[in-house]
Amino acid sequence: MKTSKNQESRIENLLEKLKEARDLFLGYPVSKDFDYSRLYEFFKYPINNLGDPYEPSTYRVQTHEMEREVVDFFAEMFRANPKDYWGYVTNGGSESNLYGLYIARELFPKAMVYFSESTHYSVKKTIHLLNIPSIVIRSQENGEIDYADLENTLQFNRHKPAIILTTFGTTMKEAKDDVSKVKSILKKLAIQDHYIHCDAALSGSYGAFIEPRIPFDFQDGADSISISGHKFIGSPIPTGVIITRRSSKDRIAKGISYIGSSDTTITGSRNGHSPLFLWYALKNMGMEGLKKRYLKSLEIANYCKSELIKNGVDAWSNEGAITVVFPKVSDKIKTKWQLATEEVTHVICMPNVTKDQIDEFITDFVKERESVIETELLAI
Ligand SMILES: *Cc1c(COP(=O)(O)O)cnc(C)c1O
C-alpha cells in the first residue's frame with residue numbers, strides 16, 4: 001500500500017491533534033505512559049484469538065498462551081480458587097460485565113438484578129440486552145451502594161434468586177461497594193440462589209493494594225469480576241478482562257466444529273493483540289510494580305486534593321481512591337482538561353499524571369475563579 005500526499009497530510013494532522021488532546025487530560029481514567037514499541041512487529045500478523053483461550057483451535061495465528069497468563073495474573077490477584085477459575089481478555093469492561101451478567105442469568109434464569117444508581121451507564125443497556133428484570137438501589141452521598149436500601153429491597157423480593165452487580169470504583173467518585181457486606185445481607189435474608197458480579201473496571205487493577213482493604217474479590221464473595229485493561233494499566237486499544245469460575249462457564253459452553261473450539265466468549269473473532277499488550281505490561285510490572293504504580297497515583301491524588309483545599313476548593317476523595325471530587329468547574333476549564341462533569345467534577349490521577357500537571361491545572365483553576373470574581377465585581 002502506498003500513502004498519497006493527501007493522506008500523508010491527513011495522517012500528520014490527526015497525529016498532531018491526538019498528541020495535543022492526550023497531553024491535556026485529567027478527567028478520564030486512562031493511562032498514557034505505556035510503551036509497546038517492542039511489539040510493533042505483531043501488527044504484521046492477522047492475529048485472532050477466536051474461541052476459548054483454554055482450548056486448542058484450528059486457527060493458530062493467536063496469542064492464547066499469553067491470554068491465559070493474563071487471566072492467571074488476575075485470578076491470583078483476585079484470590080480465585082486455583083482449581084476453579086476461568087476467564088478471557090475482552091474488548092473492555094463493558095463486555096466483561098456483559099459476560100458476568102450473562103453467566104449469572106444462565107445460572108439463575110428467574111433472577112432479579114440489583115445495582116446502585118452510581119453504576120456505570122453501560123450496565124443498564126446490558127441488563128436490557130439480557131432481558132433480566134432489575135431494580136435500582138440508592139447510593140450514599142459518597143457513591144457507595146446504600147446497604148440498608150439493598151437489604152430492604154432484597155427482603156421484599158426474597159422469593160426470587162438475586163444477582164447483585166457491585167461496583168468497585170464508580171465512574172464519578174470512585175466509590176467501592178463492599179462485597180462482604182452484600183454477601184452478609186444475602187446470608188441474613190437466607191437468599192441461597194444468588195450471584196455477585198463485581199464491576200471492577202476502574203479499580204480492579206489496584207484494588208488488592210488498597211489499605212485498609214475494601215472487600216471485592218472471590219474470597220470476599222464475588223462470583224465474577226471484570227476490569228478494563230486500558231485504564232490503570234494502559235493500552236493503545238480498549239481491552240478488558242473477565243474472571244469467573246470454570247464451573248460456571250462450563251454451564252454455558254457449546255462446542256463449535258467450525259473453529260474446533262468451544263464458543264464460550266461473547267464475540268466470535270477476538271482481539272489477539274490486546275492480550276499480548278496486557279501480558280507484556282503485567283510481566284514488566286509484576287505485582288510489586290503495579291503496587292508501586294498505585295501508591296504513586298495515590299500520592300498525586302492526595303497532593304491534588306490538598307492543593308485544591310489550600311485554594312479554598314471543597315475537594316474530597318473516597319478512602320484509597322485516586323479520584324479527587326470537587327464542585328463543578330467552568331466550561332472553559334472543563335473543556336481544556338477534558339473533565340467529565342455531572343453534578344460534580346473530578347480529576348483522576350492515573351499513573352501518568354504528574355505534580356506539574358496538577359500545578360498547571362490548579363493555576364488555571366485559580367486564574368479562572370479570579371476572573372469570574374472580577375466580572376462579578378464589575379457587574380455590581
Ligand atoms: C470504564 C468502566 C466501564 C466500562 O468499561 P469499558 O472498558 O469502557 O468498556 C464499566 N464500569 C465501570 C465502573 C467503569 O469505570
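**The start of helix 5 and its surroundings**

Author: At the start of helix 5, a side-chain oxygen of D146 comes to within 3.1 Å of the backbone nitrogen of A148. A polar contact here is a pair of N or O atoms within 3.5 Å; within protein, one atom must be able to donate a hydrogen and the other to accept it, and residues adjacent in sequence count only if both atoms are side-chain atoms. The model is predicted: local features require pLDDT of at least 70 and side-chain atom pairs count only at pLDDT 80 or more, while totals for chains, interfaces and linings use all residues. Residues are numbered from 1 along each chain as its sequence is written, and side-chain values use heavy atoms, with hydrogens and water left out.

Helix 5 spans residues 147-156. Helices (H or I, at least four residues) and strands (E, at least two) are DSSP runs numbered from the N terminus. The buried residues of helix 5 are Y147, D149, L150, E151, T153 and L154; buried means under 20% relative accessible area, exposed means over 50%, and partly exposed lies in between, with a 1.4 Å probe and protein chains only. These buried residues pack against strand 2, strand 3, strand 4 and helix 6 (179-188), where contact means heavy atoms within 4.5 Å.

The side chains of D149 and R138 meet in a salt bridge at 3.9 Å, N to O; the term denotes a side-chain nitrogen of Lys or Arg within 4 Å of a carboxyl oxygen of Asp or Glu. R138 belongs to the loop between strand 3 and helix 5, whereas D149 sits in helix 5 itself, so the pair ties together parts that are eleven residues apart in sequence.

E117, which lies in the loop between strand 2 and helix 4 (121-130), touches V136, I137, R138 and S139, leaving aside residues up to four places away in sequence. A polar atom of the E117 side chain lies 2.7 Å from the backbone nitrogen of S139. The C-alpha atoms of E117 and Q140 are 9.5 Å apart, although 23 residues separate the two in sequence. E117 is itself partly exposed, with a relative accessible area of 48%.

Strand 2 (residues 112-116) pairs with strand 4 (residues 162-167) in the parallel sense over four bridges, two strands being paired if DSSP finds at least two bridges between them. Within that pairing, Y114 has I164 of strand 4 as its bridge partner.

The bridge partner of W86 in strand 7 is T244. Strand 1 is mostly covered, with five of its five residues buried.

Finally, the ligand. Of the 13 residues around the ligand, G93, S94, D199, S228 and K231 come nearest; a residue is near a molecule if one of its heavy atoms lies within 4 Å of it. G93 places a backbone N or O atom 2.7 Å from a ligand oxygen. For S94, a side-chain N or O atom is 2.5 Å from an oxygen atom of the ligand. A polar side-chain atom of K231 lies 2.7 Å from a ligand oxygen.
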